[in-house]
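Work through the exercises below with the coordinates loaded. Each task is followed by a solution in steps.

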Amino acid sequence: AEYMGAPAVPPGHKAGLAAAGANEERSQLEYWRKYVSWEKDNPLESEDYIAVSKRVMYAYEQCLLVFGHHSEVWCESCTWLHQVSKMLNEKGDAANAKVFADNVATMYERAISQLMRTNHLMYFAYADYEETRMKFSKVHEIYERALSQPDMDPTLTYVQYMRFARRSEGIKATRLVFKQAREDKRSGPHVYVMAALIEYYCSKDEKVAYKIFELGLRKHQNDTSYIMAYLDFLSHLNDGNNTRVLFEKALASKNPDKNLEVWENYISFEAMCGDLASVEKVERKRCLTYPEVFEGRDTKMLIDRYKFLDLMPVSESQLKAMQYQTALPYLQKIYVSIGSLVVTNEGAIPRSKRYPMPDPTQLIPFKPKRNPAREATALPGGEFPYPPAVQSLLRRLPPPSCFQGPFVVVDEFIKQMMQLQLPEASNATSGSHRSLKRTLHMEDDSDDENEGFGGTSGGSLDVFRQRQQIKTPAYTAIGSRR
């Protein structure tokens, strides 16, 4: 194929091997894995483990020529080198073990310098590897290098950087990284959540964690995921008053379409910690905020109030009968059914654009009948009448009673046709059709003669004897005249 000689491209690209489709791409990668596994099995049965390891790395290098944009191949090759280094170290070969350990760092360096320059996974794996070698200064360089990439979102890098700083240097180093993350305008609200949780779980300081969450709320008060993380933190503190205040702050935002999850958790919180009047008050507020969503859903709202985890107050069949659907699917996008439209974060979109829908005008209604007509498609309890075009054609055709026969047994007819043996054609190619016609014509004449003289149509009859029987009475009559 044309893509076989193409250079390495990222997954999903419109050129190279990726142009053949994801299935073909994964299939080729599995073949490369089988080749690498075959080399790992040492088919040459060599006792030189270093030579076997070099053959395996040669297979990985060949694979990277085609799948250089796949981070899994880089990680697998680095993991293999690290395993070889550990095994050589256990055998006492410290010199070669150090060589392979340095080769691991070289492979990671190649990855983040070339094709994996914007891949978070390779940076984090490289940093963890250097951390196991106790090279903390190198780890700092790797994280700073990742943060300097303009095409990468630094939020996750800051999160991992704070974890490393806490493990290696303590809480003060973590706070310095958090300060750097706050000053970076590209970072998201996740850095506040991570810093607060580190203070809460590692430093055991609830006040500092609370202040960090409040600091992040000023900047990310419209971010639902951040608010939910803050609410989860307050639930661990068993601080009901501050939790209600946070709910009210979050619900006062200008984006009500993004607050359905907050409303759902608010009702659950009041059902757990508040009284019945508080629950009904929150439900009324939600109905006023989303009248087009919760209008006419009184019964379903009661189900939302009484359910717990996977326990429902009614049976599954009753849920299907009332077409129960939670007002909030816990997914990335919020879909709420409203008639024939679907409300999402981006607005209302028709159902037909979400998935294919049948044409209702082409559906045939099922009509319950005690005695369905024969011309209809009958089923137990009723029938599916023919479509209008077929019914019009049937009305133009004569009724079945007009046909009196002959009736052909189709199965027997097909059986006779299958058993019919045609006479063999002559060997001459040019006269094959003429000989076949002549043979059939002679058989027809013999059948006529058999009928005239009382012979059987299917049996064999001597033509010479028939002619003798015709001539004998004639000769007798002539002799008697003489």
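The model is predicted, so local features need pLDDT of at least 70 and side-chain atom pairs count only at pLDDT 80 or more, while totals for chains, interfaces and linings use all residues. Residues are numbered from 1 along each chain as its sequence is written, and side-chain values use heavy atoms, with hydrogens and water left out.

**Exercise 1. Salt bridges within and between helices**

Task: Find which residue forms a salt bridge with Glu30, and which with Glu199.

Solution. 
Step 1. Apply the criterion: a side-chain nitrogen of Lys or Arg within 4 Å of a carboxyl oxygen of Asp or Glu. The count under this rule is 21 salt bridges.
Step 2. For Glu30 the partner is Arg33, with the closest N and O atoms 3.1 Å apart. Both belong to helix H1 (residues 22-40), and because they are three residues apart, about one helical turn separates them. Helices here are DSSP runs of H or I with at least four residues, numbered from the N terminus.
Step 3. Classify exposure, where buried means under 20% relative accessible area, exposed over 50%, and partly exposed in between (1.4 Å probe, protein chains only). Glu30 is partly exposed at 36%, and Arg33 is partly exposed at 23%.
Step 4. For Glu199 the partner is Arg175, at 2.8 Å between the closest N and O atoms. This pair links distant parts of the chain, 24 residues apart, with Glu199 in helix H9 (residues 190-201) and Arg175 in helix H8 (residues 171-183). Glu199 is buried, with a relative accessible area of 4%, whereas Arg175 is partly exposed at 41%.

**Exercise 2. A further salt bridge**

Task: State the N to O distance for Asp184 and Arg186, and decide whether Asp184 is buried or exposed.

Solution. 
Step 1. The two side chains meet in a salt bridge at 3.1 Å, N to O.
Step 2. Asp184 has a relative accessible area of 12% and is buried. Arg186, at 37%, is partly exposed.

**Exercise 3. The largest pocket**

Task: Give the volume of the largest pocket, and find which helix gives the most to its lining.

Solution. 
Step 1. On a 1 Å grid over the protein atoms alone, a pocket is an open set of points with protein on both sides within 12 Å along at least five of seven lines; lining residues have an atom within 4 Å of a point. Points are joined across faces, edges and corners, and a volume is the space filled by probe spheres set on them.
Step 2. The volume is about 790 Å³. Among the 28 lining residues, Glu264, Asn265, Ser268, Phe269 and Met272 are the closest to the centre of the pocket.
Step 3. H13 gives the most to the lining, with eight residues.

Definitions and conventions: Helices (H or I, at least four residues) and strands (E, at least two) are DSSP runs, numbered from the N terminus. On a 1 Å grid over the protein atoms alone, a cavity is a set of points where a 1.4 Å probe fits but cannot get out, and a pocket is an open set with protein on both sides within 12 Å along at least five of seven lines; lining residues have an atom within 4 Å of a point.
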